[in-house]
Every structure is written in structure tokens, then in C-alpha cells.
Amino acid sequence: MVELPGLSERSEFSPVVIRTDFTDEATWQETTAERERSSLDDGGPAQSYDVVDAPELDGADTDAVLAAISAHEELWEQLSVVFVADGTTMRAGHHALLAVTTLTREDFDDDEDSEGVFRSFAER
């Protein structure tokens, strides 16, 4: 089981960003600064978020990240989406995060409600 330090201390309503790429610290700092600037550009206070550094997941795919989160059962039920800062995030000029839902089709009452559910949004 992969431990995700800091995940259990997260604020209940804060988005979770899981960092899975550690190749470039300067780019990571730029990425976090961009995220803070963009939330201020919306006219409101800076958006708070919880960052989980997960070097154990360095280079991991979406399924491995979800498996690591699911090991924290109480948190799994609270999170419907997590954001992943992966290699693509670090290499892309705009440093977009990968949004990954924890919901599956089984989480819905019927097929009509689950229509359009997908695991991740990868077009960045």
C-alpha cells in the first residue's frame, strides 16, 4: 500500500492536488504560483487546496493514484475528484493539472445518471 502523507490532515472542502512528478522543482513552484494567481484573477480570495507530495507514485498512472487514495477509505468517500500534477503538467507550457474522478458507474442509481462519467480529463 502506498502511503499518501498529508492526505488525512486535509481540509474537508479543499481540493486535493497529488504531485506525482518530481523532475523539476522550479517548474513545480511555477505551477503552484500560476494556480494561486488564477484564483486571484477570479476576483475572490485565493483558493485553498491541499497538496500531497507522493514520490512513491512518481510516474504512476491514474489507476495507481486512485488505488493509493482508495486505501484511505474515509477520505475516498469524501473525494469525488482529485487533481494530479504529473509529468505532463510539468512539461506543458500552461501546467494544467489532470482532473480525476473517484466516481464509477456503480456509484449511480441507474445508467442514465451515470451517462458521461469518465475517469479522467486528459486533454490539456
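Exposed means over 50% relative accessible area, and buried means under 20%. This is a predicted model.

Q: Is Arg91 buried or exposed?
A: Arg91 belongs to helix H4, which covers residues 87–91. Residues over 50% relative accessible area are classed as exposed. Because the relative accessibility of Arg91 is 65%, this residue counts as exposed.

Q: How far apart in space are Arg91 and Thr27, C-alpha to C-alpha?
A: Along the sequence, Arg91 and Thr27 are separated by 64 residues. In space, the C-alpha to C-alpha separation of Arg91 and Thr27 is 8.4 Å.

Q: Which element supplies the largest share of the largest nonpolar core?
A: The largest nonpolar core has 15 residues, and Leu4, Ile18 and Ile69 are the ones that touch the most other members. At least two residues of this core come from each of strand S1 (16–19), helix H2 (62–70), strand S3 (81–85) and strand S4 (98–101). The largest share, four residues, is supplied by H2.

Q: Which residues is Ile18 in contact with, leaving aside neighbours within four places in sequence?
A: Ile18 is among the residues that touch the most other members of the largest nonpolar core. Once neighbours within four places in sequence are left aside, the contacts of Ile18 are Leu4, Val52, Ala54, Val65, Ile69, Phe83, Val84 and Ala85.

Q: The charged end of which residue sits over the ring of Tyr49?
A: Tyr49 is included in a second, separate core of five residues, together with Val17, Ala85 and Met90. The structure holds zero aromatic pairs. The charged end found over the ring of Tyr49, 4.3 Å from the ring centre, is that of Arg35.

Terms used: Residues are numbered from 1 along each chain as its sequence is written. This is a predicted model: local features need pLDDT of at least 70, side-chain atom pairs count only at pLDDT 80 or more; totals for chains, interfaces and linings use all residues. Side-chain values use heavy atoms; hydrogens and water are left out. A nonpolar core is a set of buried Ala, Val, Leu, Ile, Met, Phe, Trp, Tyr and Cys residues joined through side-chain atoms within 4.5 Å. Buried means under 20% relative accessible area, exposed over 50%, partly exposed in between (1.4 Å probe, protein chains only). Contact means heavy atoms within 4.5 Å. Rings of Phe, Tyr and Trp (its six-membered ring) pair if their centres lie within 6.5 Å; planes under 30 degrees apart count as stacked, over 60 as edge-to-face and the rest as tilted. A charge sits over a ring if NZ of Lys or CZ of Arg is within 6 Å of the ring centre and within 35 degrees of the ring normal.
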